[in-house]
Amino acid sequence: MDSFELNKVLGAILGTCLLLVTLNITAGAIFTPAKPAKPGYEIAVPERPEGGGQPAAAPTEDPPLASLVAKADVGRGEKSAQKCAACHTFDKGGRALVGPNLWGVVGRPKASLPGFNYSAALKAMGGNWAPDDIYHFIANPKGMIPGTAMTFAGIPRPSERADIIAFLNSKSDTPVQLPKAAEAAPAAQ
């Protein structure tokens with residue numbers, strides 16, 4: 001190969017590289033995005049009231065249990081109680097799972113099922129499981145009994161809790177007398 005041929009090959013390679021650099025600079029100038037005045041995304045943050053505290057949420061009071069239980073449905077309660085079935089059984093003489101058997105729990109003394117290891121906090125409560133106690137306990141177990149071993153988050157809807165209480169009350173040899181619709185009407189007023 002003579003020097004003339006070598007110069008043509010090297011010139012072609014050098015010309016191609018020069019063309020690629022020129023195209024890169026031109027494309028960069030044409031397609032460069034505009035830089036924002038302030039980097040990052042703007043996030044809408046709710047304003048806090050004076051004093052730096054959290055915005056005050058209006059406290060919501062649960063309706064009275066008597067009016068809810070009067071309208072409660074055992075069938076709906078059975079469906080809602082499926083959440084409880086992961087840890088509890090409802091059959092008479094049923095075995096304890098993670099939680100104790102709930103047959104006859106309404107009216108039963110707290111922490112009284114033989115052979116189940118209750119938390120110290122629940123043992124210290126004493127008394128019987130009244131419908132009102134169950135109503136507040138299944139709303140927020142750790143809120144009612146701090147230190148309980150029950151890790152369930154709770155059931156926020158009051159009517160669903162009343163349905164569950166009606167279902168649990170039906171799972172007993174001697175069900176507790178729950179208020180009827182006629183008795184609950186004067187209590188609600």
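User: Does F167 count as buried or exposed?

Analyst: This is a predicted model. Buried means under 20% relative accessible area. F167 has 4% relative accessibility, so F167 counts as buried.

User: How are the rings of F90 and F167 arranged as a pair?

Analyst: The structure holds three aromatic pairs. In the pair of F90 and F167, the ring centres lie 5.2 Å apart and the planes meet at 70°. Planes over 60 degrees apart count as edge-to-face. The pair of F90 and F167 is therefore edge-to-face.

User: How many residues apart in sequence are the parts that this pair ties together?

Analyst: F90 lies in the loop between α3 (74–80) and α4 (120–125). F167 belongs to helix α7 (residues 158–170), so the parts tied together are 77 residues apart in sequence.

User: Which aromatic residue forms a pair with W129?

Analyst: W129 is buried, because its relative accessibility is 8%. Its pair is tilted, with 5.2 Å centre to centre and 50° between the planes. The partner is F137.

User: The charged end of which residue sits over the ring of Y135?

Analyst: Over the ring of W129 sits the charged end of K110, 5.2 Å from the ring centre. For Y135, the charged end lies 4.3 Å from the ring centre and belongs to R161.

User: What pattern does the protein follow along the sequence?

Analyst: The secondary structure comes to eight helices and zero strands. Read along the sequence, the pattern is α-α-α-α-α-α-α-α.

Key: Residues numbered from 1 in each chain as written. Predicted model: local features only at pLDDT ≥ 70, side-chain atom pairs only at ≥ 80, totals over all residues. Heavy atoms only, no water. Helix = DSSP H or I, 4+ residues; strand = E, 2+ residues; numbered from the N terminus. Phe/Tyr/Trp six-rings, centres within 6.5 Å; stacked < 30°, edge-to-face > 60°. Buried < 20%, exposed > 50% of the residue type's maximum accessible area, 1.4 Å probe, protein only. Lys NZ or Arg CZ within 6 Å of the ring centre and 35° of its normal.
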